[in-house]
Amino acid sequence: MTSPSATPTPTPPMDKRVDLVMEGGGVKGIALAGAIEVLEERGYRIHRVAGSSAGAIAGALAASGVSGRTMVQILRETDYRLFEDGAWWTRSLVGKGLSILLHNGIHRGDRLTTWLEDLLAQYGAPGLSGTFADLRVADPDDLDPAPHDHAATPPRPEQFRLVVTASDLSSGRLRFLPTDAAVYGLTPERLRIADAVRVSSSIPLFFRPVTWKDGAELKSVLVDGGMLSNFPVAVFDRPDGKVPRWPTFGIKLSAKPEADFGTRNRIAGPLSFGKAVVDTVTGFYDRMHIDAQHAVHRTIFIDTAAVRPTQFDLSAEERELLYRKGRKAALAFLDGDHEQEPWDFARYVARHRTTPAA
């Protein structure tokens with residue numbers, strides 16, 4: 001790949017600044033990159049970004065200054081099968097089951113970590129450390145965030161350009177990294193970006209979970225943030241009840257819901273019942289904290305149902321399909337189509353932000 005090294009994006013003017021929140025989806029990240037490419041073509045510049053799993057990967061690249069166009073090229077050329085780095089005996093069904101019994105997951109996830117480390121080193125600006133110290137960002141208005149109640153709302157992420165979610169199975173809590181790094185005795189600025197993304201990408205059973213120790217030296221088992229919040233679209237919303245100074249766009253790897261933020265599960269037997277249970281558990285946190293129209297009107301919905309999150313043997317045609325869907329969805333969001341009005345920040349604020357969001 002011959003793309004030039006990226007440099008950190010300078011602070012954009014207020015009218016073109018945007019925060020992004022991106023849904024996780026395994027190997028579907030090229031759809032996110034396609035949407036980002038369109039936003040950048042229209043002059044938008046990413047200020048902060050949050051996500052889980054694939055959203056965390058794309059977010060780490062974007063926050064580190066990698067352009068959407070370069071991100072697309074990277075994800076087109078990546079052989080995702082390399083991430084299936086289990087031992088040789090995990091290639092059989094019996095071996096996979098044994099690895100799950102022994103390690104709570106099939107693949108080590110080491111290749112994913114080194115892949116992202118290499119990308120950040122290659123395409124990041126010279127002299128970057130690969131830690132969250134590279135991604136500190138000052139609030140342009142020097143706001144003093146309101147006191148935070150972890151039980152009610154996500155932690156305020158103003159000081160870092162990237163926020164990724166992780167599910168702490170030991171405490172049953174959703175964690176936001178690097179903000180919550182201190183829970184595990186880690187200094188946020190010293191936490192490596194690739195390590196945080198590895199935690200957020202730990203698809204249960206497919207990848208081995210990550211084990212950290214908390215402040216009491218108790219073991220904490222961490223997996224994919226999508227288990228508890230795969231789309232934390234409110235994470236960058238202002239805590240003071242004032243209108244947003246610039247938009248937060250969500251990018252969701254599913255079709256636009258017909259009626260509300262959630263999707264209606266059709267239950268017709270044990271398999272569909274089990275799927276409904278999983279969908280309800282994994283989507284509850286998002287639906288509990290997000291007003292339906294408030295989220296829908298600022299979200300780019302990309303229909304990626306044709307590809308499974310763990311379809312690591314993606315063909316060139318499937319990659320192109322995801323990329324094109326990402327671009328098409330972003331263009332429809334910005335320009336409007338037969339299903340939606342063109343994006344207008346002033347109209348959004350008037351409809352949804354004239355009073356504090358619920």
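In which sense do β4 and strand β8 pair, and over how many bridges? β4 and β8 (residues 219–224) are antiparallel, with three bridges. A166 faces D224 in β8.

This is a predicted model: local features need pLDDT of at least 70, side-chain atom pairs count only at pLDDT 80 or more, and totals for chains, interfaces and linings use all residues. Residues are numbered from 1 along each chain as its sequence is written, and side-chain values use heavy atoms, without hydrogens and water. Helices (H or I, at least four residues) and strands (E, at least two) are DSSP runs, numbered from the N terminus. Strands pair if DSSP finds at least two bridges between them.

**Strand β4**

β4 spans residues 162–168, and seven of its seven residues are buried (under 20% relative accessible area, 1.4 Å probe, protein chains only; exposed is over 50%, partly exposed in between). Both faces are covered. L162, V164, A166 and D168 lie on one side; V163, T165 and S167 lie on the other.

β2 (residues 45–51) runs parallel to β4, joined by three bridges. G51 is opposite V164. β5 (residues 173–177) runs antiparallel to β4, with five bridges. There, S167 partners L174. Four residues separate the strands of this β4 and β5 hairpin.

Most residues other than glycine have a negative phi, and most peptide bonds are trans. The L177 and P178 bond is cis, with omega about 15°. P178 lies in the loop between β5 and α6 (193–200).

| Residue | Positive phi | Relative accessible area |
|---|---|---|
| S53 | about 55° | 4% |
| L205 | about 75° | 49% |

S53 is in the loop between β2 and α2 (54–63). L205 belongs to strand β6 (residues 205–207).
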